[in-house]
Amino acid sequence: MNHPTTDTRSDTPRTATGLSLRDVVLTFGDGDQTVTALDHVDLDVARGEIVAIVGPSGAGKSSLLAVAGALTVPTSGTVRVGETDLSGLNRRRLAALRREQIGFVFQSGNLLPALTARDQLRLVPRITGRPGRDPDALLDAVGMSHRADKRPGRLSGGERQRVGIARALVGEPAVLLVDEPTAALDRARSQEIVALLARETHEAGVATIMVTHDHDVLGHCDRVLEMVDGALHPHD
Ligand SMILES: Nc1ncnc2c1ncn2[C@@H]1O[C@H](COP(=O)(O)OP(=O)(O)OP(=O)(O)O)[C@@H](O)[C@H]1O
């Protein structure tokens with residue numbers, strides 16, 4: 001990440017900011033009951049960079065993903081996805097930005113039970129209205145081309161997670177938000193999945209934030225930050 005490079009697929013400079021949070025505060029409740037979930041958070045994630053967020057339960061990691069993913073409007077501060085300042089957008093435009101610019105990967109893949117792996121990916125362009133990446137090429141890239149015709153019930157946890165990653169990337173998002181991707185996986189599978197996330201982040205030029213409790217996988221990430229009481233710190 002030291003040298004400005006150009007992503008082969010999109011011509012997006014690796015130094016371009018994919019996601020930017022400035023002085024973001026998120027509080028819940030009021031008066032004596034106020035909880036500060038995010039406490040003046042500043043964070044820039046470049047296109048082609050994967051940043052891991054660790055930290056204790058209740059520190060604000062899920063809140064960070066919710067704000068970065070345009071699911072929760074912060075109490076104050078600025079969130080930008082690419083060049084777009086989210087504070088200027090109404091609910092309809094926020095929903096459109098989520099569909100078009102943000103990919104989500106959850107703990108267990110969150111796939112639709114009735115659809116084959118290929119059809120999970122084919123559904124995305126119908127929702128976004130944009131062609132996106134070729135489903136078969138992307139399934140190949142995540143090592144799932146031989147399972148493309150299988151439904152989630154016939155796939156292992158690691159395979160489901162691979163399909164979930166491919167589905168999150170098929171719409172060519174600017175930002176990828178990943179919540180505990182290895183929670184349901186054994187150690188070897190966890191390493192494979194985070195290595196895959198890092199490789200796809202670099203190759204697709206997406207700005208990735210991964211929340212994890214799994215310290216064994218941090219070596220795959222470009223940066224690691226720790227969240228404590230709603231504030232971000234460098235991780236030793
Ligand atoms: N909807 C809500 N209403 C009130 N308080 C909330 C709400 N969502 C989160 N909080 C509080 O905000 C703080 C941060 O919660 P958050 O879920 O972001 O932490 P976390 O780091 O993701 O925790 P975990 O690792 O357990 O998932 C906590 O004190 C939590 O209780």
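This is a short walk through a predicted model, from its annotated domain to its ligand and then to its packed helices.

Start with the record. UniProt, in an unreviewed entry, places the feature "domain: ABC transporter" at residues 19-236. That span is 32% helix and 27% strand.

Next, the ligand. The shell around the ligand includes F28, V35 and A37. By class, the shell holds 4 nonpolar, 6 polar and 1 charged residues. Two elements, strand 2 (35-46) and helix 1 (61-68), each supply at least two residues of this shell. Helix 1 gives the most, with 3 residues.

Now turn to the helices. Two packed helices are described by the angle between their axes and the distance between the axes.

Take helix 3 first. Helix 3 covers residues 117-128, and helix 5 covers residues 157-169. The two pack at an angle of about 20°, and their axes are 9 Å apart. An angle under 35 degrees counts as roughly parallel, so helix 3 and helix 5 are roughly parallel to each other. Their crossing is right-handed. On the helix 3 side, the contact uses A117, Q120, L121 and V124. On the helix 5 side, V163, A166 and R167 meet them. The residues of this contact divide into 5 nonpolar, 1 polar and 1 charged.

Then comes helix 6, at residues 187-204. Helix 5 and helix 6 pack at an angle of about 15°, with their axes 10 Å apart. Helix 5 is therefore roughly parallel to helix 6. The crossing of helix 5 and helix 6 is right-handed. Helix 5 brings G157, G158, Q161, R162, I165 and L169 to the contact. Helix 6 answers with R189, E192, I193, L196, L197, E200 and A204. By class, the contact of helix 5 with helix 6 has 6 nonpolar, 3 polar and 4 charged residues.

Definitions and conventions
Residues numbered from 1 in each chain as written. Predicted model: local features only at pLDDT ≥ 70, side-chain atom pairs only at ≥ 80, totals over all residues. Near = placed C-beta within 6 Å. Helix = DSSP H or I, 4+ residues; strand = E, 2+ residues; numbered from the N terminus. Nonpolar A, V, L, I, M, F, W, Y, C, P; charged D, E, K, R; others polar. Axes fitted to C-alpha atoms, helices over the stretch in contact; angles between N-to-C directions. Parallel < 35°, antiparallel > 145°, perpendicular 65-115°, else oblique. Left-handed = near helix turned anticlockwise from the far one by under 90°. Contact = placed C-beta atoms within 7 Å. UniProt positions renumbered as here; feature names shortened; annotations may be inferred.
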